[in-house]
Amino acid sequence: MRVKDLCMIALIATLEYIVFTYFSYILYLECITFTIMMIALYFNTKIAITSSLVFTLLNCLNMGISPWSMMYLLVYPLYSLVISLGKKLIKQKVQYAIITCTLLSFLTGQLLQLPYLLVSKNITYLYLLAGLKTSLIQAILSGIFTSICYHKTAKVLQRWER
């Protein structure tokens, strides 16, 4: 790996960590999915996945090691991979990016409930149902956020990528 790539990974992981941490103080506004998506769309797959992995490791150090914080190690690098694989399609229309971010934001809220399976299947079902309202609101806000911020963020990332 080149030094330039390592520096880019460190910068992007730091940006993702800052976005995750500071936007988590605003109820229902989950901007990390948007950030992960934009990085995966405008950088190569290796940088996108590695930066999200570094971000989630930093997040685990901050939150502590638990089944729920470990879910981030699976979710966000997987999102980076999926978006990187579909970037040609997603970049075709803004609507595709809005739908992608909305769907992934909804899934984040639901997937992070899965560690409750360690406790009980019934408790997991209850948490999934209880978290449905929050996940739906998060998804809608992420879609709106993407529709507002996509074009300007894409312009900045296109310049930063070079």
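Student: Which helices each supply at least two residues of the lining of the second largest pocket?

Tutor: First, a word on what we are looking at. This is a predicted model, where local features need pLDDT of at least 70, side-chain atom pairs count only at pLDDT 80 or more, and totals for chains, interfaces and linings use all residues. Residues are numbered from 1 along each chain as its sequence is written, and side-chain values use heavy atoms, with hydrogens and water left out. Now your pocket: α1, α2 (32–42) and α7 each supply at least two residues of its lining. Helices here are DSSP runs (H or I, at least four residues), numbered from the N terminus.

Student: How is a pocket found?

Tutor: Rolling a probe the size of a water molecule over the atoms shows where empty space is left. On a 1 Å grid over the protein atoms alone, a pocket is an open set of points where a 1.4 Å probe fits, with protein on both sides within 12 Å along at least five of seven lines; lining residues have an atom within 4 Å of a point. The second largest pocket holds about 220 Å³ of space, a volume being the space filled by probe spheres set on the points, which are joined across faces, edges and corners. It is lined by 14 residues, with L15, V19, F34, T35 and T153 closest to its centre. The largest share of that lining, 6 residues, comes from α7.

Student: What classes of residue line the second largest pocket?

Tutor: Its lining has 12 nonpolar, 2 polar and no charged residues. Ala, Val, Leu, Ile, Met, Phe, Trp, Tyr, Cys and Pro count as nonpolar, Asp, Glu, Lys and Arg as charged, and the others, Gly among them, as polar.

Student: And what lines the largest pocket?

Tutor: There are 21 lining residues, and F20, S24, E30, Y72 and Q138 lie nearest the centre. By class, 12 are nonpolar, 8 polar and 1 charged. The space in this pocket is about 380 Å³. Helix α7 gives the most to the lining, with 4 residues.

Student: How many residues of α2 are buried?

Tutor: Buried means under 20% relative accessible area (1.4 Å probe, protein chains only). In α2, 11 of its 11 residues are buried. One of them is A40, which counts as buried because its relative accessibility is 0%. Leaving aside neighbours within four places in sequence, A40 is in contact (heavy atoms within 4.5 Å) with A48, S80, I83, S84 and K87.

Student: Which aromatic pair joins α2 to α7?

Tutor: Rings of Phe, Tyr and Trp (its six-membered ring) pair if their centres lie within 6.5 Å, and planes over 60 degrees apart count as edge-to-face. The structure holds 8 such pairs. F34 and F145 form an edge-to-face one, 5.1 Å centre to centre with 85° between the planes. This pair links distant parts of the chain, F34 in α2 and F145 in α7, 111 residues apart. Elsewhere, ring pairs link F20, F55, Y72, Y76 and Y79 into a cluster.

Student: What does the side chain of S105 make a polar contact with?

Tutor: A polar contact is a pair of N or O atoms within 3.5 Å; within protein, one must be able to donate a hydrogen and the other to accept it, and residues adjacent in sequence count only if both atoms are side-chain atoms. For S105, the partner is the side chain of E30, at 2.7 Å. S105 sits in helix α6 and is buried, with a relative accessible area of 0%.

Note on methods
Buried < 20%, exposed > 50% of the residue type's maximum accessible area, 1.4 Å probe, protein only. Phe/Tyr/Trp six-rings, centres within 6.5 Å; stacked < 30°, edge-to-face > 60°.
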